[in-house]
Structure formats: C-alpha cells, structure tokens
Amino acid sequence: AMSTPYRIMDSIPREIHRSLYYTLFESHLSYCISVWGDAAQFRISSLWTAQKQCVRILFGDREAFHDKFNTCVRTRPYDQQILGSNFYMPEHTKPLFQENKILSVHNLYTYHCFMETYKILKFRQPRSLYDKYSISERKPTLLIAGFPSPNFIDRSTSLWNTIAPKFKFNDFSPKVSCIKTCIKKALITLQHKEYSQEWTTGDYDRANISIT
C-alpha cells in the first residue's frame, strides 16, 4: 500500500506531497468510513499504523531515514556502528499530522459521520435514511436515541447528540461548507490539545471537542 507514494515522492515537489496523500491514501482510507470507522480499536489498529507509515514516508525526515541504513564503515564512523534504541525508534508522527493538518483515522470517522448526518438532516435526502431518525419535537436539531446498536443510524445519532449542541444550532440553515470548516478545525485542535509527541485516547475523544 505504501509502495506507490514511496516510489514517486522523489519525482514530485514536496509542496505537492499533501495533495498526493489525499489522492492516493486518504481517499481510500475514508471510503465508507462512516459505516466501519467506529469499530473496536483493535480492528482499525492496522489502518492506523498504515496511516502513520504513509505520513512518515511523505512528510517525515527523509535524510534521517536514509541515514539509518548507512551502517557500512565506509559511510559511518566506526564508533557510531553500535545501534542503540534510537535506531529502532520510528519518527514521531503527531508533529507531522499537526504540521500538515491531517486528521487521524479516528477523527476522520467523526468528521465524515457528522457531516453525512448533517446533510441528511438538512436536505432530508436520501429519504430512506432520513425517515429512520427520530427527531426531537422540542428541539428539531437534536435526535432521539434508541437502544444502542452497531448500525449507522444509532451510532450517528449518538455522535450527533454529542457534537451538535456545541454548534448551538437553531435550525439547519448554515451552509455545509461552513460546518465542514468548523468541524475540521475543531478536530485538528482536539487532536493536538494534549501531549505534543505521543498519541493518547484524548486526541480523538469527541466528548472533549470544542467549537469556536
């Protein structure tokens, strides 16, 4: 999966690498993510690992990466031939995500699921999905949650009721583009609110999202 960007990245200017990431990787990663993205963490851990690997390839310190393989005496001083723990430690990806404003697979699910729910409620299309939501009579911008189940309607209802009140909607008049900008900005902020180097579960805890 990583071979294509790895092969062509040297032939493409670095300023286009972000577009390359969205075209060759995230477009596949986000396919139907609103359906499967809320699966158990152990089920999406391999995708999370692949995403971090792709980010390292496209945006990481390439010189340091190649330097690790210069283990020959002719290219590396003899006293530096002993490989310590740093040799086996991969580059931290969190600063790379922040620098390029990339959402982790967990926050990517929140983004797509929230936006799809908003468009369904705003345009009332597709009708087959819209009719499955139970809309509150007291506050039309909130949904009535049913018995928890793994289907899209129940999971999107729970996610919507967690995030939507922070937008302080009175109706669904705001443009889709404005909501997209706000939710992505909020998720990027949430993603980097805690430790700058290490990833934690708080980096994608949607209950802590803040809309400004």
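**Notes on the predicted model**

1. The model is a predicted one, and the points below should be read with that in mind. I begin with the nonpolar core: the largest one holds 47 residues, and among its members Tyr 21, Phe 114, Met 115, Tyr 118, Trp 160, Phe 169 and Ile 183 touch the most others. Helices H2 (17–29), H4 (41–59), H7, H8 (105–123), H10 (152–167) and H11 (176–191) each contribute at least two residues to this core, and H8 gives the most, with 10 residues.

2. Once its neighbours within four places in sequence are set aside, Tyr 21 is in contact with Glu 26, Gln 51, Cys 54, Val 55, Leu 58, Phe 59, Ile 102 and Leu 103.

3. Is Lys 94, in the model, buried or exposed? Lys 94 belongs to helix H7, which runs over residues 94–100, and its relative accessibility is 1%, so it counts as buried, the limit being under 20%. Not counting residues up to four places away in sequence, Lys 94 touches Gln 191, His 192, Glu 194, Tyr 195, Ser 196, Gln 197, Glu 198, Trp 199 and Asp 203.

4. On the cysteines, the count of disulfides comes to 0. Cys 178 is in no disulfide, and the nearest cysteine sulfur to its own, that of Cys 182, is 6.8 Å away, whereas a disulfide would need the two sulfur atoms within 2.5 Å. Cys 182 is likewise in no disulfide, with the sulfur of Cys 178 as its nearest. Cys 178 counts as partly exposed at 43% relative accessibility, and Cys 182 is partly exposed with a relative accessible area of 29%.

Notes:
Residues are numbered from 1 along each chain as its sequence is written. This is a predicted model: local features need pLDDT of at least 70, side-chain atom pairs count only at pLDDT 80 or more; totals for chains, interfaces and linings use all residues. Side-chain values use heavy atoms; hydrogens and water are left out. Helices (H or I, at least four residues) and strands (E, at least two) are DSSP runs, numbered from the N terminus. Buried means under 20% relative accessible area, exposed over 50%, partly exposed in between (1.4 Å probe, protein chains only). Contact means heavy atoms within 4.5 Å. A nonpolar core is a set of buried Ala, Val, Leu, Ile, Met, Phe, Trp, Tyr and Cys residues joined through side-chain atoms within 4.5 Å.
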